[in-house]
Amino acid sequence: MKSNEKTVDFDLSLLSLQELITVYQKVSEFLEYLEDKKIKENEEGKENDE
Amino acid sequence: MMNNFLDFILKDIETKTAILSSLPTKTKTNQKKYNAQIDEMHKKYSDYKSNLRNYLLAKSRSFEVKETNQTDIEALNEKVVALEHVKFLLNPSNTYLEKMGFDILLYQISNYSTFNFTSLNEIINELLDKFALAGIVLTKEDFDYTCYVHEYMQAFLEVRANKESSHEKVSAIFEQIYWVNPDIIEHIELNFRKLIRKNDRKFTSYISDLQKTEMASNHVENYMDCLEKLQDAYAKLNEANKNTISDIITGCEKGEIDINSFLQDSKIRNSAYEMLVPETIDKTDVGAMDKVCVILERLKSNVLEYNNYMEFEPIFKAFKDEYQKAIPTEEPKKQESSGLKDVLGKIEEKEQELDKMNRKIFGTRNSLFDFKSEMDLKQLKSKSVMKAKELYELYAKYDEEYFKDQVKRILNPTLTVADVLHLYYSFDYFKKQIIQKVYKLTTYDDITRYSDSFDLFAMNPTNIIVSGVPVFEDTNVPRVIVNKYRLNGIKLEETDLSIDNIQNLLNRIDLVLQIHKVETSTLSVEKIWFIIQVHKLLEKEQQI
């Protein structure tokens with residue numbers, strides 16, 4: 001697997017079966033976290049920049 | 001270079017969470033920037049997730065094991081069913097009455113009112129079909145037990161001959177007759193009983209031909225040969241039906257099996273091993289564990305048999321209470337009892353009397369008899385109904401004597417539970433009667449359910465315990481089982497076989513057998529755990 005952030009290659013076969021499940025769960029949880037954190041338009045914030 | 005993706009992700013999430021919490025969000029511009037950061041992160045992590053998902057699926061699929069060969073199981077099952085049918089036909093304990101299935105239909109019609117069967121016509125049609133099978137085509141002339149049966153069956157046969165789908169016409173006639181003679185269903189039953197007896201030679205011959213055909217097509221020489229072949233076929237089917245790795249995985253996916261109990265440090269696993277695997281056995285020695293599992297398979301079969309025994313124990317007890325006093329001191333008689341002959345004699349005598357009355361009643365239609373008044377005809381019809389009532393009681397007595405006769409043929413002080421199982425399996429009518437009585441059942445569906453379950457138990461050729469349990473003596477069956485397996489070093493207690501604990505014991509046996517299956521396969525507990533986790537994760541996502 002390649003990360004676009006840096007040129008880093010990840011070999012998933014190096015992970016144990018338990019680690020594979022954990023990393024998938026962590027990625028899924030972080031995605032949910034991001035969805036929760038996103039600010040909806042017109043929510044809070046001032047109309048104009050200060 | 002960071003080559004562990006899990007470490008990278010944990011650190012990356014930490015960093016990104018910190019970045020997000022430090023970003024300003026008070027103004028709209030800041031919010032936009034903040035959301036843009038989130039979008040970027042989301043895209044990246046969605047890519048990770050998608051790649052990971054593909055990898056997990058591919059990895060999980062690479063562990064997939066070959067599915068059980070269903071065709072083999074189906075073929076083996078068909079063979080068992082075919083041989084069971086031959087066994088049923090060759091059963092030396094019963095007659096054409098049971099082999100034709102007349103007893104099942106007679107039980108239904110005689111309990112018609114009790115169980116509110118939806119269709120009397122269906123039962124009648126099935127009875128007529130059975131006569132047709134033996135080449136006997138019944139006509140309205142055959143239904144002359146009483147003038148009421150004659151009237152009803154004449155209309156019924158017309159509808160049947162014209163293959164009319166609606167029985168409205170027949171129902172109207174039934175209703176009309178019912179208010180004059182509420183015993184009409186009993187009269188129909190009596191008429192069929194008489195016709196069955198009258199045609200016994202044709203039925204016997206039909207069954208004999210069928211036996212020959214079925215024996216030839218199933219390569220069976222005689223009853224004993226059939227039993228041996230059935231035992232062999234059943235053993236093969238049992239072997240094929242044993243839990244495969246694929247069954248274990250499916251069980252885990254459905255939540256029927258908890259994969260966590262397979263893990264080395266599981267309390268459930270350790271407690272099952274402590275009870276069922278002798279202390280002297282090295283649990284990592286595959287050969288030694290193979291032998292333990294053979295013993296555990298036998299124990300499982302015995303426990304299942306004992307479970308069945310407990311379910312039907314009230315029947316064995318009722319049989320004991322009824323027949324203990326009748327145990328003969330000499331060899332059982334093979335010939336028909338005098339009680340049965342007496343009742344049959346009375347039935348024939350009264351049927352002749354009824355026949356005479358009917359001739360007079362039917363004769364009036366052809367003006368052969370000159371009745372002084374309608375009153376005389378009404379009185380005669382009333383007398384015929386009374387005679388039919390007496391006959392109905394005599395047939396009930398006949399049934400009683402018929403079964404007593406069957407019991408007397410085998411009754412002896414050492415009669416076993418296996419003998420009683422075979423007896424009731426051979427006589428469906430009396431099996432359903434005793435089930436209805438002992439379990440106080442009120443619906444035919446319940447009776448059929450018990451009856452089917454009883455037959456499965458009675459037919460099981462792997463039964464071994466019941467062959468050694470005498471009906472007329474008290475035997476502590478759990479003790480017999482426990483002592484047998486203690487010799488094999490298995491720490492069983494009698495209480496493990498109590499109604500409350502028996503399922504727990506079966507679960508423990510299954511667990512040890514399943515773990516051994518997994519540990520001696522190409523998979524491991526960890527790989528199965530992984531397959532299940534992947535299945536659960538993907539299933540959860542599909543639900544969302």
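**Helix packing and chain B**

Mentor: Let us start where the two chains meet: in this predicted model, helix α1 (residues 17-37) of chain A packs with α2(B) at an angle of about 150°, and their axes are 9 Å apart.

Trainee: How are α1(A) and α2(B) oriented to each other, roughly parallel or roughly antiparallel?

Mentor: The angle between α1(A) and α2(B) is about 150°, and angles over 145 degrees count as roughly antiparallel. The crossing of these two helices, α1(A) and α2(B), is left-handed. From the angle it follows that α1(A) and α2(B) are therefore roughly antiparallel.

Trainee: How many nonpolar residues does the contact of α1(A) with α2(B) have?

Mentor: On the side of α1(A) the residues include A:Leu20, A:Val23 and A:Phe30, and those they meet in α2(B) include B:Ile38, B:Met41 and B:Leu52. Sorted by class, the contact of α1(A) with α2(B) has three polar and two charged residues, while the nonpolar ones number 13.

Trainee: Taking the whole contact between the chains, which element gives the most to the side of chain B that touches chain A?

Mentor: The contact takes 28 residues from chain A and 36 residues from chain B. On the side of chain B, the elements giving two or more residues are α1 (5-22), α2 (28-62) and α23 (525-543). The one that gives the most, with 17 residues, is α2(B).

Trainee: Within chain B, how is α19(B) placed relative to α20(B), roughly parallel or oblique?

Mentor: Helix α19 (residues 428-438) of chain B and helix α20 (residues 444-459) of chain B pack with their axes 10 Å apart and at an angle of about 120°. Their contact is made by residues including B:Ile435 of α19(B) and B:Phe454 of α20(B), and the crossing of α19(B) and α20(B) is right-handed. The angle is what makes α19(B), relative to α20(B), oblique.

Trainee: What radius of gyration does chain B have?

Mentor: The secondary structure of chain B comes to 23 helices and zero strands, and its C-alpha trace spans about 120 × 70 × 40 Å along its principal axes. A compact globule of 544 residues would have a radius of gyration near 24 Å, whereas the value for chain B is 35 Å.

Trainee: How far apart do the C-alpha centres of domain 1 and domain 2 of chain B lie?

Mentor: Chain B is divided into domain 1 (5-62), domain 2 (70-224) and domain 3 (278-327 + 412-489). Between the C-alpha centres of domain 1 and domain 2 of chain B, the distance is 74 Å.

Note on methods. Residues numbered from 1 in each chain as written. Chains lettered and ligands numbered in written order. Predicted model: local features only at pLDDT ≥ 70, side-chain atom pairs only at ≥ 80, totals over all residues. Contact = placed C-beta atoms within 7 Å. Helix = DSSP H or I, 4+ residues; strand = E, 2+ residues; numbered from the N terminus. Axes fitted to C-alpha atoms, helices over the stretch in contact; angles between N-to-C directions. Parallel < 35°, antiparallel > 145°, perpendicular 65-115°, else oblique. Left-handed = near helix turned anticlockwise from the far one by under 90°. Domains from an automatic or database assignment. Rg over C-alpha atoms; globule rule 2.2 N^0.38 Å. Nonpolar A, V, L, I, M, F, W, Y, C, P; charged D, E, K, R; others polar.
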